[in-house]
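Below are my notes on the model, as numbered points. Please read them with the coordinates open.

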Amino acid sequence: MTLDALLADGAPPIAAILRGLRPEEAPAIGAALIDAGIQILEVPLNSPDPLESIGALQQAFGAKALIGGGTVLTVDAVEDLHRVGGRIMVTPNTDAAVIARGAELGLELLPGFLTPSEAFVAVKAGARRLKLFPAAQLGPAYVKAVKDVLPRHVGLWAVGGTGADTIGQWLAAGCEGIGVGGALYRPGDSADVVGERAAALVAAWRAI
């Protein structure tokens, strides 16, 4: 399962960021998101027992979703993510050693950047996609400006302050997709609530 394949098959270009997810709720939350159409699931590693959650999600949904970890900060964390079957690696920064190890292990890479200099560090280390964070503070115009200098093959994803009301703006600016956190899931939310939010977000994407 690759991100290229998912998008080519028509999956919404939306990554669910499940910060604070607990292992016991991971299957229900994952099912709610996937049933709504969201097939990219990220559990940040500063969540409770994140590797257990990632492993549970991978076991239950790995055949039809791209599952992995975020807030990956060290090479050791990359190794841990790979060990439990994670397939996508998201970082908040552009640590070249972390990105390069993820590339060596065949993970889908989505490192976070703020400036063009950081973006080029990530690309040189092996990233084909980048996460603009925090996106809302910079705006869609920033995406257009950065894309003017990046290689054409590099896809940008907006994360931070994104949701159903702004997805059209980010895609129109040239983003390949968006990552959504609190507008989809907050610790303690029920699967029903998460499913409703996910369905509304996917509907907003389909309406574009």
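1. Against which elements do the buried residues of α4 pack? They pack against α3 (50-61), β3 (66-70), β4 (88-90) and α5 (96-104). Helices (H or I, at least four residues) and strands (E, at least two) are DSSP runs, numbered from the N terminus. Buried means under 20% relative accessible area, exposed over 50%, and partly exposed in between, with a 1.4 Å probe and protein chains only.

2. This is a predicted model, in which local features need pLDDT of at least 70 and side-chain atom pairs count only at pLDDT 80 or more, while totals for chains, interfaces and linings use all residues. Residues are numbered from 1 along each chain as its sequence is written, and side-chain values use heavy atoms, with hydrogens and water left out.

3. Helix α4 covers residues 75-83, and Ala77, Val78 and Leu81 are its buried residues. Viewed along the axis of α4, the buried residues fall within an arc of 105°, so they line one face of the helix; the arc is taken from the directions that run from the helix axis to the C-beta atoms. Asp76 and Arg83 are exposed on the face turned away from the buried side. After α4 comes Gly85, with a positive phi near 95°.

4. The largest nonpolar core has 56 residues, and Ile14, Leu33, Ile38 and Leu130 have the most contacts inside it. A nonpolar core is a set of buried Ala, Val, Leu, Ile, Met, Phe, Trp, Tyr and Cys residues joined through side-chain atoms within 4.5 Å. A second, separate core of ten residues includes Leu6, Ala15, Val90 and Leu110.

5. Neighbours within four places in sequence aside, Ile14 is in contact (heavy atoms within 4.5 Å) with residues including Ile38, Ile40, Trp157, Ile178 and Trp205.

6. Asp189 is in the loop between β9 (177-180) and α9 (191-207). Why does Asp189 count as buried? Because its relative accessibility is 16%. Leaving aside neighbours within four places in sequence, Asp189 touches Glu25, Ile29, Leu184, Val194 and Arg197.

7. Thr166 belongs to the loop between β8 (155-159) and α8 (167-173). Thr166 counts as buried because its relative accessibility is 14%. Its C-alpha atom is separated by 9.7 Å from that of Trp205, 39 residues apart along the chain.

8. The charged end of Lys131 sits over the ring of Phe133, 5.2 Å from the ring centre. The criterion is NZ of Lys or CZ of Arg within 6 Å of the ring centre and within 35 degrees of the ring normal. Phe133 is also joined to Pro134 by a cis peptide bond, with omega about -5°. Pro134 is in the loop between β7 (129-132) and α7 (140-147).

9. Two non-glycine residues with positive phi deserve a look: Asp49, near 45°, and Thr71, about 50°. Asp49 is in the loop between β2 (40-44) and α3, and Thr71 in the loop between β3 and α4.
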